[in-house]
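Please keep the sequence and the model in view while reading.

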Amino acid sequence: MTATPNHLRSVDPQLAGLITAEEARQRDTLKLIASENYVSAAVLEASGTVLTNKYSEGYAGRRYYEGQQVIDQIETLAVDRAKALFGTEHANVQPYSGSPANLAVYLAVAKPGDTVMGMALPMGGHLTHGWSVSATGRWFNAVHYDVGRETGRVDMDEVRDLARRERPTLIFCGGTAIPRVIDFPAFAEIAREVGAVLVADIAHIAGLVAGGAHPSPVGHADIITTTTHKTLRGPRGAMIMAAPEHAKAIDKAVFPGLQGGPHNHTTAGIAVALHEAAQPGFADYAHQIVANARALAEELQARGFDLISGGTDNHLILIDLTSKGVGGKPAAQILDQAGLEANYNTVPYDTRKPFDPSGLRLGTAALTSRGMAEPEMREVARWMDEIVSTLAGDDTEAVEKAVARVHGEVSELTGRFPVPGLD
Ligand SMILES: *Cc1c(COP(=O)(O)O)cnc(C)c1O
């Protein structure tokens with residue numbers, strides 16, 4: 001019933017107990033957090049190996065430490081698999097995570113003080129796309145595009161106008177709360193016109209791109225960054241893929257520009273995840289993620305939930321709870337008590353504060369990894385409706401009863417769907 005190894009149990013029972021508790025929590029809740037997933041047992045195994053013992057500053061064939069006979073082969077395998085899966089000419093698999101990967105891009109192609117452009121954080125962008133509290137917003141002159149107040153979608157005319165006016169060195173497209181297809185060709189045309197480097201940050205949708213369930217930025221974006229742990233189902237890490245003219249600068253920016261030794265155990269886990277994503281079944285998985293999100297969105301809308309942009313094209317749904325009369329944070333907290341794990345999120349033009357916003361963000365990648373499909377999504381929508389409607393009624397006793405009732409039904413469902421890597 002548990003994946004926690006015996007050695008850990010005898011050496012550090014306290015920590016082992018905490019991991020066991022987290023295993024149980026992950027098994028017994030419905031993981032609706034859009035940036036999370038369950039890795040396979042194979043990825044988990046590769047990530048927890050002796051590869052963590054090895055220092056490998058540099059790149060395959062050009063290292064600063066001896067003893068790279070095996071590590072070079074592992075990193076080369078990961079790089080080759082990334083290039084083959086996404087169809088790019090260059091890949092760097094060393095960034096520690098998505099944020100350092102993006103920082104490496106700035107280091108590679110921009111100078112401090114340069115104008116950079118990205119989607120505003122409250123509109124669905126990412127901190128590292130030049131938001132004020134991020135180093136990228138403090139060290140660069142960042143300008144931001146929004147989404148339409150009515151459409152909830154990026155307006156490419158606005159992006160073009162902003163780019164012509166500001167002449168940025170680089171333009172980021174992609175983000176953390178975008179429920180719609182990203183128009184890579186349109187961004188590329190604008191970037192070309194103003195002489196900017198286009199960076200497609202596909203952290204959220206990499207698995208959908210790999211599985212053919214979202215258009216690829218390859219051939220449009222000059223540089224592509226991604227995390228490996230979201231829809232791609234790998235360990236926590238990141239990759240940067242680039243057109244040949246940026247390859248050298250990207251590699252130099254990652255090491256020695258920003259990082260020291262790569263995390264070889266993570267590189268191995270990434271290699272396994274890329275291998276899994278190259279299997280024919282992964283395309284089915286990616287398309288099922290999208291079908292599940294669509295089913296969940298339709299059922300939520302039928303129950304009166306207000307979805308940003310009116311629906312979804314990918315794995316992600318952004319709900320504005322204003323019409324339901326509850327805030328995103330209390331809703332997320334009570335849903336978690338009932339076994340439905342999501343995160344509160346700002347919605348475009350939110351009138352509430354970022355720490356207590358109006359929105360709730362959902363994703364279907366993790367549930368799809370457990371084998372759930374459309375019927376289960378409709379159940380999830382029904383439970384969310386029950387919890388949120390009861391919460392709006394402001395009757396503590398009724399809320400407690402609803403939480404207990406829904407949690408019982410959730411447990412019945414999670415019991416039927418094993419967790420990859422655990423069961
Ligand atoms: C998750 C995410 C990142 C950052 O990844 P971390 O691994 O959390 O640093 C960067 N960009 C986008 C668009 C993301 O969604």
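Q: In which strand is Arg 361 found?
A: Arg 361 is found in strand E15, where helices (H or I, at least four residues) and strands (E, at least two) are DSSP runs, numbered from the N terminus. This is a predicted model, in which local features need pLDDT of at least 70 and side-chain atom pairs count only at pLDDT 80 or more, while totals for chains, interfaces and linings use all residues. Residues are numbered from 1 along each chain as its sequence is written, and side-chain values use heavy atoms, with hydrogens and water left out.

Q: Why is Arg 361 called buried?
A: Buried means under 20% relative accessible area, exposed over 50% and partly exposed in between (1.4 Å probe, protein chains only). Arg 361 has 7% relative accessibility and therefore counts as buried.

Q: What makes Tyr 344 and Phe 355 an aromatic pair, and why is the pair called edge-to-face?
A: A pair of aromatic rings is described by the distance of the centres and the angle of the planes. Rings of Phe, Tyr and Trp (its six-membered ring) pair if their centres lie within 6.5 Å, and planes under 30 degrees apart count as stacked, over 60 as edge-to-face and the rest as tilted. The whole structure holds 7 aromatic pairs. For Tyr 344 and Phe 355 the values are 6.1 Å centre to centre and 85° between the planes, and the pair is edge-to-face. Tyr 344 lies in strand E14 (residues 343–345) and Phe 355 in the loop between E14 and strand E15 (359–363), so the pair ties together parts that are 11 residues apart in sequence.

Q: Why do Tyr 344 and Phe 355 receive their accessibility labels?
A: Tyr 344, at 25% relative accessibility, counts as partly exposed, whereas Phe 355, at 59%, counts as exposed.

Q: How do you know that Glu 22 and Arg 25 meet in a salt bridge?
A: A salt bridge is a side-chain nitrogen of Lys or Arg within 4 Å of a carboxyl oxygen of Asp or Glu. The N to O value for Glu 22 and Arg 25 is 2.8 Å, and their side chains meet in a salt bridge. Being 3 residues apart in helix H2, the two are separated by about one helical turn. Glu 22 is partly exposed at 32%, and Arg 25 is partly exposed at 30%.

Q: What makes the contact of Arg 352 with Asp 356 a salt bridge?
A: The closest N and O atoms of Arg 352 and Asp 356 are 3.2 Å apart, and the two form a salt bridge. Arg 352 counts as partly exposed at 36% relative accessibility, and Asp 356 counts as partly exposed at 32%.

Q: What makes Leu 15, Leu 18 and Ile 19 a nonpolar patch on the surface?
A: Patches are made of residues with over 30% relative accessible area and no salt bridge, with like charges joined within 9 Å and nonpolar side chains (Val, Leu, Ile, Met, Phe, Trp, Tyr) within 5 Å. Leu 15, Leu 18 and Ile 19 form such a nonpolar patch, with about 240 Å² of accessible area together. Leu 18, found in helix H2 (residues 13–28), is exposed with a relative accessible area of 54%.

Methods:
Areas by Shrake-Rupley, 256 points an atom, 1.4 Å probe, with all protein chains shown as cover.
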